[in-house]
2 protein chains.
Amino acid sequence: MPLNKDQTTPLVPSLIKEGIRGDENYDIMKAAIITIGNEILSGMTLDTNAAYLSQELGTIGIPVVLKISVGDRAIDIQMAFKQALSDSDIVLCTGGLGPTSDDITKKVAARFFKSKLKLDKGTLEHIRSRFAKRGIEMPACNRWQAMVPDRAAVLFNPEGTAPGLLFKKGKKILILMPGVPREMRAIFAGSLKERLAGLSCGMKINMLTLRTTGIPESVIAEKLAPFEKCLAKGTLAYLPTRLGVDLRLTMSGKDASQISAKLQELSAKIKQLLGNVIYGQDDETMEQAVGRLLKEKKLTLTTAESCTGGLIADRITDVPGSSVNFLGSVIAYSNVLKEKMLGVKSQTLRLHGAVSKETAIEMANGVRGRLGSDLGLTITGIAGPAGGTDKKPVGLVFMAVAGPKGTMVEERRFLGQRRHIKESATQAALNMLRLYLLK
Amino acid sequence: MPLNKDQTTPLVPSLIKEGIRGDENYDIMKAAIITIGNEILSGMTLDTNAAYLSQELGTIGIPVVLKISVGDRAIDIQMAFKQALSDSDIVLCTGGLGPTSDDITKKVAARFFKSKLKLDKGTLEHIRSRFAKRGIEMPACNRWQAMVPDRAAVLFNPEGTAPGLLFKKGKKILILMPGVPREMRAIFAGSLKERLAGLSCGMKINMLTLRTTGIPESVIAEKLAPFEKCLAKGTLAYLPTRLGVDLRLTMSGKDASQISAKLQELSAKIKQLLGNVIYGQDDETMEQAVGRLLKEKKLTLTTAESCTGGLIADRITDVPGSSVNFLGSVIAYSNVLKEKMLGVKSQTLRLHGAVSKETAIEMANGVRGRLGSDLGLTITGIAGPAGGTDKKPVGLVFMAVAGPKGTMVEERRFLGQRRHIKESATQAALNMLRLYLLK
């Protein structure tokens, strides 16, 4: 499978490219997703169905190449069907199968596939029994949901009244499912996923994410340049977030254990090139990584926060079982409390200010000593929007760690809104502690 | 504009239907949204940009009629441009403007509009200064982001390095924005929204949201039953979240001041029916509402948290200017710190446990006394997943407020995951303080 020069493109699309280029080592099936409904168009409802289906299809080796959302309007639904079927082998649609008059997906699909609607007795029975269980007589409008196009196969909906429908046109498949996520998922997981996996060529896709922080995307790219040359059959995607840059390796093939071994090999190479800027793998958060290290080293931690106002402690305590190593925190928002609760000298505050290297160090030693922990982590800074000066602008923070290996202090500058500064500063402080623990 | 029976349907889609039905009282401009990027196609990233833009366009009377997501592939991006421009007047695209080689949106758009790329000095200067502020030299690849198609107008990006770009073709407009939500929103809110509102036909849609907490959706519905009858030309949507139920009133018309007056009138009626379960309006958060009351009453606050681990303080300090009233907090995760830092009696902990009414009261008085504030707010509970017993299950919390009007204590029980319990408990504690301040 030759890779194009664009090494940073994730594999799914590069699979797509291959399929399209006719570079047919694998004869890859492609999918499109259509979500139908005014709620999604208006932005009132987030389109979680499309994300779910993409991920599920990814695991059975069917990449999604196109997503379309349209309202409950026949001409748009028809356009979407046509566009999606022109490039994809499998089209999955959600929405517009309800009992009310604005639910027209089924009608449009029936016309599109030159199919007639007829009553499906099994479906009608299922709908009736659902209402009976709730002690309600079936409203007349629900009978409409038992009308099924004669050229479509019915997909049982264990969670609701609207069945899924599967149309075939040559080798192409179009599937209608209800928009209610619970119902859609029940139909998809019920039998559809397996059926589509059977159509797929047996290609497996596997991913592994390495999470970095404190290093710009472009610097990572430079460091990984030698690696990208030997990437061979995988792809590497850069996913920047406010908390760092995630690196996602994707690998595909017919043998799952082979892919998995190869991914491990590639991730080992990246780890070698990047070293300890990588703090976690896959879903592991910074606070989990820090919690893991504290557990390994059997150390207790306290924190003292100023500008981040409790966000460090909040993140640390998001990890179940954190109470074993985390004793507590002092949030000293006012200078008075920095003196009273943490023992910062009034002279230090007067001479250097609350946002200074000196204050950060005294806070770290103060919280560690007063609260009685092995380690003290602190941060002091200016979250804005007010309070900045030329010499000490908004976003300036000082972070310090005090512990058995001495005291470490760092100055950083973050950009953005108040909340963004809090988040970035928190990530940097936790990362500083992580590096201290790795020393 | 006749309303359909379904009163909870948002207005935007009903406008769409009208526009489409050829019910041309209003000559409505229509928009399409294209999101570009493999992360969205693969389902790894939820498409929040499209939802945001739809909602924002809705408020200026521009309905979105089509959404397309494609990967970072030229032929697909081009197809999406073509399809979107065929039916819509305004096309908003996000994604693919980064510095790496897989970001090709700009190149594709330049070709599509027969435009050449040239260096934009202002943009280059802006990018350089962003890196300089962080004390980093600009990596070479970021220079690419300053290359701008000669037929496009540059839209300033205050939050990042990739500018927005606006192309015109006859009366149609296509806009490129970065995929990072913060940057995209900054560009849109910066000047673009106003500019597009100017193009819109003058149909105004206005919304007003009343935020409630601590009351179930069904109870609100019962209380509002008499109101819904007189809703007439507006709609009311119930939007339940983990932090409460938001009530969104929507109203449309040509006369902005008339709509606005009507919305005020309707919201006054709801306020009358629901009373002080409403804590805020529109985007106002609970922490803002509490901060506003503290400012009005010129009172200082300290907090002492156990199970919420700093989240109360974090939320309070998210509000700019909170340092005037909020002095600080003690997060006493361990019992030792509850005694040492807050003066909770060891006997109380022994007899009643850390999660008890008695401990909560002593924490509230302790933090208030020791840190020297007018008010003390505390919470102690079991966030789970471990630590629960039959008598004190996971999700049980006690909250207390101590202040000039005496001490108030409350027991609550929340369901869900650790993080959900932290969030719900925090909201309830802040709401308790709010009601104390309103007494």
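A residue is called buried here when its relative accessible area is under 20%. That cut-off comes up in the close-ups below, all taken from a predicted model.

**View 1. A:Phe112 and A:Phe81, two buried rings.** A:Phe112 has a relative accessible area of 18%, so this residue counts as buried. A:Phe81 is buried too, with a value of 0%. The ring centres of A:Phe81 and A:Phe112 are 5.5 Å apart and the planes meet at 70°, so this is an edge-to-face pair. The pair joins distant parts of chain A: A:Phe81 belongs to helix H4 (residues 74–87) and A:Phe112 to helix H5 (residues 105–112), 31 residues apart.

**View 2. A:Tyr52 meets A:Phe188.** Over all chains, the count of aromatic pairs comes to 10. In the pair A:Tyr52 and A:Phe188, the ring centres are 6.1 Å apart with planes at 80°, so the two sit edge-to-face. A:Tyr52 is in helix H3 (residues 48–59) of chain A and A:Phe188 in helix H7 (residues 181–199) of chain A, so the pair ties together parts 136 residues apart in sequence. Both A:Tyr52 and A:Phe188 are buried.

**View 3. Lysine over tryptophan, in chains A and B.** In chain A, have a look at A:Lys106, which lies over the face of A:Trp144, 4.5 Å from the ring centre. Over in chain B, the charged end of B:Lys106 sits over the ring of B:Trp144, at 4.4 Å from its centre.

How values were computed:
Residues are numbered from 1 along each chain as its sequence is written. Chains are lettered from A and ligands numbered from 1 in the order in which they are written. This is a predicted model: local features need pLDDT of at least 70, side-chain atom pairs count only at pLDDT 80 or more; totals for chains, interfaces and linings use all residues. Side-chain values use heavy atoms; hydrogens and water are left out. Rings of Phe, Tyr and Trp (its six-membered ring) pair if their centres lie within 6.5 Å; planes under 30 degrees apart count as stacked, over 60 as edge-to-face and the rest as tilted. Helices (H or I, at least four residues) and strands (E, at least two) are DSSP runs, numbered from the N terminus. Buried means under 20% relative accessible area, exposed over 50%, partly exposed in between (1.4 Å probe, protein chains only). A charge sits over a ring if NZ of Lys or CZ of Arg is within 6 Å of the ring centre and within 35 degrees of the ring normal.
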